[in-house]
Amino acid sequence: MFVRLVYESFRRQKRRKILAGAAITLGVTVATAMIAVATDIGDKINLELRTIGANLVVTPQEDSLDLEIGGVNLKPPTDGAFLSEADLPKIKGIFWHNNIVGFAPILPMSAVIQHDGKPQDVTLTGTYFSKKVSFGNEDFVTGAKTLYPWWKVLGAWPDDNSRDVLIGERLAAKLNEKPGNTISISGRQLRIEGILSTGGAEDDEVIAPLSLAQEILGKPDAVKRVYVSALTKPEDAFARRDPKSLSGAIYDRWYCTPYPQAIALQLTEAMSHSHAEQIRQVAQNEGAVLTRIEGLIFLITLAALFASGLAVSAAMATAIFERRAEVGLMKALGAGKLAVASVFFAEAALMALIGGSVGFGIGSALAHQIGHSIFNSQISISPVLLPVILAIAVIVTFAGSAMAIRRAVSLDPVFALRGEL
Amino acid sequence: MSHQARDLAASRAHAPHTSMFLRMLVRAAVLRRGRATSALFAMVVAAAVATAMLNLYVDVQAKLQREFRNYGANIILVGKDGASLPAGTLSQVDSALAGRGIAAPFGLVVARTSDGQPIVVAGADFDRVKQLDRWWSVSAWPSTENPHLSQNQGEVGHPVLVGVRALPLVSPKNQPFDLSFQGRTLHVTPAGTVQTGAAEDSRIYVSLADFISWTGVQPSTIEVAASGSATEVAAVMTQLAQTIPAADVRPVRQIMEGEARVLGKTRATLLAAAALIILTAALCVLSTLMGWVFDRRRDFAIMKALGASERLLNGFFAAEAAALGATGAVIGFLFGIGIAAWIGRANFHAPVVPRLGVLPIVLAGSMAVTLISAILPISLLRRVQPAVILRGE
């Protein structure tokens, strides 16, 4: 009888059930989409913040002091210690290798350009443009192109195995050179593949493939510095503790958290005779920006959950209020308060489950769409969330119906049936 | 007596419609208090949520831009062809900025330590650097308030900030040391260390006054953190380029482009979230109100049976909806401002400024939603004979 009551109620009152079901579906859709966006927004914004450039730098451990003014290094280029290029792929072998967005080695030196027969001193920097590096079975492409999205090249990016170079736009203007021209640098004839514009010191420099720079300097395998861009967790008090003072399990927790400090330590371990450090301008501030944006989206998700909960409650209350004649009839036929209430609660649970499942599907699709159109990447929602969302849907539906059901069962059947109240 | 009766008749003839109309509106609200309150409640919540979201959407840009200024300079002024900037440049920059940002001058030379090692020494205005480059991790800033202490030569020396990589080379025991530049010596004492992970770690920072009197070199670089939107920053740049022809004004593209990207994505996400939330809230209002109006089909039928015209009925329900929408919107607006201010304080540690410009939008939107939810059931009921409704079928 109970099952039949519920079944018939769904069969005969399609319009009302569809309206209430639609409200639940919409509420769950919004809740699912917002929860998905809120859980993923940190990763997405973190990745966007990586467009500001490297947040870690690896230098030789026993290096002499830099003499850098305005991006020009005045130190003799062969001076001091170097890192080994052969160690670079190991960066992708550290514990947090999936958090490494990219890296680029640099090898700066002073070179001489022969221009109109006159020699001219310039800085030549060797780096990776978009180089394929292999570690184990894994291949990945890294270099200046991924690390510095604000570098604009007029012409084309040189190939990493070629002997072509980029020249900075201010230098190009001074020398009156165009892409495709050939210039004589330190006795070698090199083709200009493109004109580079960065707004920084590189605008006065020549940027060459690393292998070419090593050849000119006469130091194969040498790298002066490696800039690393890694996804990190905002620094907190725990991150700032000295790893040497931590013991056992606490040290493991520190080491296995992607703090800038922990990744820097792992980079130092991965490359021989190196010292890695966070670039504070980038690393410190991205934590602050990230925390703010995450907090904002979190609060807005709360607002969304509140609004959708309210929408569901309002729809359920209306649906039950419209059926007070039915309640009156049931009571007149001798049904107790409990029996009447359980019919309504069973209907509410059924609708919450159906509406919740449909809403979860639509919400996932919506989150996917938001991720695709705003961040050009996937916002995935784990199926683990489905039972959680369904439970929330049932609870909210119950809470929304409870008041209305209580009012409905306490009605005098005579008044209810006469349509008064 | 007849005089009075005529007066009454005249007054009734003149104003029967409006008074009856108003009374119907008020009675409808008072008699069905429960449903009217729940409809109003839904409207208030929807308007509050919409106000809060719109306010946040408008304000979040300014809030995040402030966060991004912690990245330091977004404009750099350098002397053309590496020359020093003229002496009055900083005050020109300050007047061009007019409080819309902060500028810090830097002078750089290569000096030698007492054992002949070259080292970069920078002159900086510590008070300005403290505000501009907040990521500098400094153990103790040299005090600029007490210049007499530093003038007290001999063993004390000028207080300087030493980069962490330079420290072991120049002053391993934190002792005073000498710097020489073109034959002139400066006796300095490390007051603290600076760590940034970049070129600053290999430098020594002396106060700008000491730097100029020691080297005779004027600052060659002024770093400017201009606040505001991308167009405002661009305007500051053109202004600087015009007023200071001796300088090359360059944007720090790395910071500006990253900022623009993150801001754009955050606002887009916020807009999507706002659209979803406002849509949900509007549909919540729609379903509540439609239920309410539909419930009153008896009132509707009685009015129609008593001879009310279509126009009067539509007008009645429309006026009721508009009144509800307007009341809900105004109350909701006040709540929404409160919510936005609270979110601003909790998340950005600065309240979100209430935007009165949001009120007309919320008001219009609320009234549109309430009107739709009143007109829709009425147009359905209009086709039904009053007798059918009154019989309860």
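Modeller: Two residues are in contact if their C-beta atoms, placed from the backbone, lie within 7 Å. This is a predicted model, in which local features need pLDDT of at least 70 and side-chain atom pairs count only at pLDDT 80 or more, while totals for chains, interfaces and linings use all residues. Residues are numbered from 1 along each chain as its sequence is written, and chains are lettered from A and ligands numbered from 1 in the order in which they are written.

Neighbours within four places in sequence left aside, Ala341(A) touches Ile405(A) and Val409(A). Ala408(A) stands 67 residues from Ala341(A) in sequence, yet their C-alpha atoms are 8.8 Å apart in space. Ala341(A) counts as partly exposed because it has 18 C-beta neighbours inside 10 Å; a residue is buried with 20 or more other C-beta atoms within 10 Å of its own, exposed with 12 or fewer, and partly exposed in between.

Ala341(A) belongs to helix H10 of chain A, residues 337–375. Helices (H or I, at least four residues) and strands (E, at least two) are DSSP runs, numbered from the N terminus. The axes of H10(A) and helix H10 of chain B, residues 253–295, come within 10 Å and cross at roughly 150°. Axes are lines fitted to C-alpha atoms, for helices over the stretch in contact, and angles run from 0 to 180 degrees between N-to-C directions. H10(A) and H10(B) are therefore roughly antiparallel, the term for angles over 145 degrees, whereas those under 35 count as roughly parallel, 65 to 115 as roughly perpendicular and the rest as oblique. Ile370(A), Ile374(A) and Phe375(A) of H10(A) meet Lys265(B), Ala268(B), Thr269(B) and Ala272(B) of H10(B).

The C-alpha trace of chain A spans about 110 × 55 × 35 Å along its principal axes. Of its 421 residues, 46% count as buried. Among the contacts in chain A with a separation of 6 or more, 78% join residues 24 or more positions apart.
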